[in-house]
Amino acid sequence: MIEILNLVKKFKSVDKNNQPTFKIAVDNVTLKIRRNEIFGILGPNGAGKTTLIKMLTGQILPTAGKIFYDGKTFEENKTAIKKMLGVVPQHINFDQDLNVGENLELHARLYGMEKIDRRQRIDKLLSYMELADCKNYSVKKLSGGMKRRLLIARALIHRPQILFLDEPTVALDPQVRRKIWALIEELAKGGVTIILTTHYIEEAEKLCQRTAIINGGKLIAVDSPQNFCDRLGKNSLEDVFVELTGRRNSL
Amino acid sequence: MNLRDVATVFWRDWIVLKRRLTKFIFSRMVAPLLCLTAFGWGIGRNIQLDSGSYLDFIVPGIMALNSMNLGFHSIITVHAERVYHKNLEEYSLSPISAESFLTGKILGAVLKSLISSVIIILCAEIFGANIFLSPNLFLVLILNSIIFAEIGFYAAMKLSSYEEMAQVNTYILLPMSFLCGTFFKTATLPSAVRFLVECLPLTHASQLLRNLTSGGGILFESLLILTAYAAAGFFLSLHALKNCQED
């Protein structure tokens, strides 16, 4: 289980008078994410979703607050926690000088996997993602959908227990998007906890058991899509989202 | 620091280099051949030195210059990885330590620098230079490339654009290339300039290499200064990497 307590992230900035100031990207977020659930983090652009994910994955340090993975913080158990996590970033960030197979090999080596295991795992995941024929291709030659699937394959190489997906279907056509949705559901059935950020409401509605709505760095509400609709008397999560992000102090 | 993690980071640089090894070797032959032709056969014929030919004088200078350039330029690809491709995230998400990452990257730069140094030695032999080879010569070349790899790494972690990275070349590497005893003895410089120049690592690398290639021993004071630069560069680069990951 992931427990987030009073998490704050401030970035140095300058105001309109060019004086140093701080921009609050994540503002006192407290949250619990259960094992084996698909948890959505929903918010408009600039809401603080990616900053929250970066703190949860140990890429940036919080200004204040704590994150516990099964009761342990990063400071207490950094290596073990990092091995538990898989991250699919919003942007395509492959090593441009390595081919498809080498990108996966590098990831497997970084997580200390043994030679036989990593070779078998790479072949298995490439087949699973329908990329087996592309093993020796340059990553630059892959289509947008193939790159997204390869990002997911890379994040899964070391068998993470928790998978972070930051806007996994952004700029993809509907067919590829549905394929990735099916994949996410399959992973969750296989016991992987999924934390998904998105600004596609229908994506959160379809996939997530619970959703947190974030706006201006603040956590506005957490519930299942159905409970949100029932509580606010709305027909869809999109109506709930507009209601909550438009009138954040109403709850 | 974990040696297996260092090997992983080095492995990445090695397979990229292996794929381009022929192109790399040919490209590394251009500058030494030009320098040896221009300064050895061209200008060098008219310069008389007490210690021997100008060609023998300039080869260690070219070696020092080359290990500086290769150390620096081999590692600054991490700047593009950090700023443009964002694939440095892959390492910061993984369980490997910053120390292992830095060491692996430095070793990659040292390997390229050493391959290039061997090419220069072979070219110099063809041009008829008298070079005394010893293990200490390679120790100095390694130390020099480590220092400039660290400078390159530090700049890559601190600077945000290609233009700023190019300025490091203009304001740090280029003046050192000409002033640090590579093409002439620092003794000929005015005392204030000489003092400044003798604080710089490339001057000590040039002096050490010149002494070693002429059959002399190691200059311990220069070796100590280079070691101090390498140690300070490692800690500064490590600090810059950790800051970069935490911002």
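Of the 247 residues in chain B, 47% count as buried. The model described here is predicted. The secondary structure of chain B amounts to 11 helices and 2 strands, and from the N terminus on its elements follow the order α-α-β-β-α-α-α-α-α-α-α-α-α. Taken along the principal axes, the C-alpha atoms of chain B fill a box of roughly 60 × 40 × 35 Å. Among the contacts in chain B with a separation of 6 or more, 81% are made by residues 24 or more positions apart.

In chain A, 6 strands form an open sheet with mixed pairing, in the order β5-β6-β7-β3-β8-β9. From one strand to the next, the twist averages 15°. Helix α6 (residues 174-189) of chain A packs on this sheet, where it touches β3 (38-42), β6 and β7 (193-198) of chain A. The direction of α6 makes about 150° with that of β7(A).

Strand β3(A) is largely enclosed by the rest of the structure, because 5 of its 5 residues are buried. Both of its faces are covered: A:Ile38, A:Gly40 and A:Leu42 lie on one side, A:Phe39 and A:Ile41 lie on the other, and all are buried. Within the sheet, β3(A) pairs with β7(A) in the parallel sense over 5 bridges, and the bridge partner of A:Gly40 in β7(A) is A:Leu196. Strand β8 (residues 210-215) of chain A also pairs with β3(A) in the parallel sense, over 4 bridges. There, A:Ile41 has A:Ala212 of β8(A) as its bridge partner.

One of the residues involved is A:Val88, whose bridge partner in β6(A) is A:Leu165. A:Val88 is also in contact with A:Ala155, a residue of helix α5 (residues 144-156) of chain A. With 21 other C-beta atoms within 10 Å, against the 20 or more that the criterion requires, A:Ala155 is therefore buried. Leaving aside neighbours within four places in sequence, the contacts of A:Ala155 are A:Gly86, A:Val87, A:Val88, A:Pro160 and A:Leu163. A:Val87 lies 68 residues from A:Ala155 along the chain, yet the C-alpha atoms of the two are separated by 5.4 Å.

The two chains meet through 22 residues of chain A, which are in contact with 20 residues of chain B. On the side of chain A that touches chain B, α2 (74-84) and α3 (100-110) of chain A each supply at least two residues. The largest share of that side, 5 residues, comes from α3(A). By residue class, the side of chain A that touches chain B divides into 8 nonpolar, 8 polar and 6 charged residues.

Technical notes. Residues numbered from 1 in each chain as written. Chains lettered and ligands numbered in written order. Predicted model: local features only at pLDDT ≥ 70, side-chain atom pairs only at ≥ 80, totals over all residues. Pairing = 2+ DSSP bridges. Axes fitted to C-alpha atoms, helices over the stretch in contact; angles between N-to-C directions. Contact = placed C-beta atoms within 7 Å. Nonpolar A, V, L, I, M, F, W, Y, C, P; charged D, E, K, R; others polar. Buried ≥ 20, exposed ≤ 12 C-beta atoms within 10 Å, placed from the backbone.
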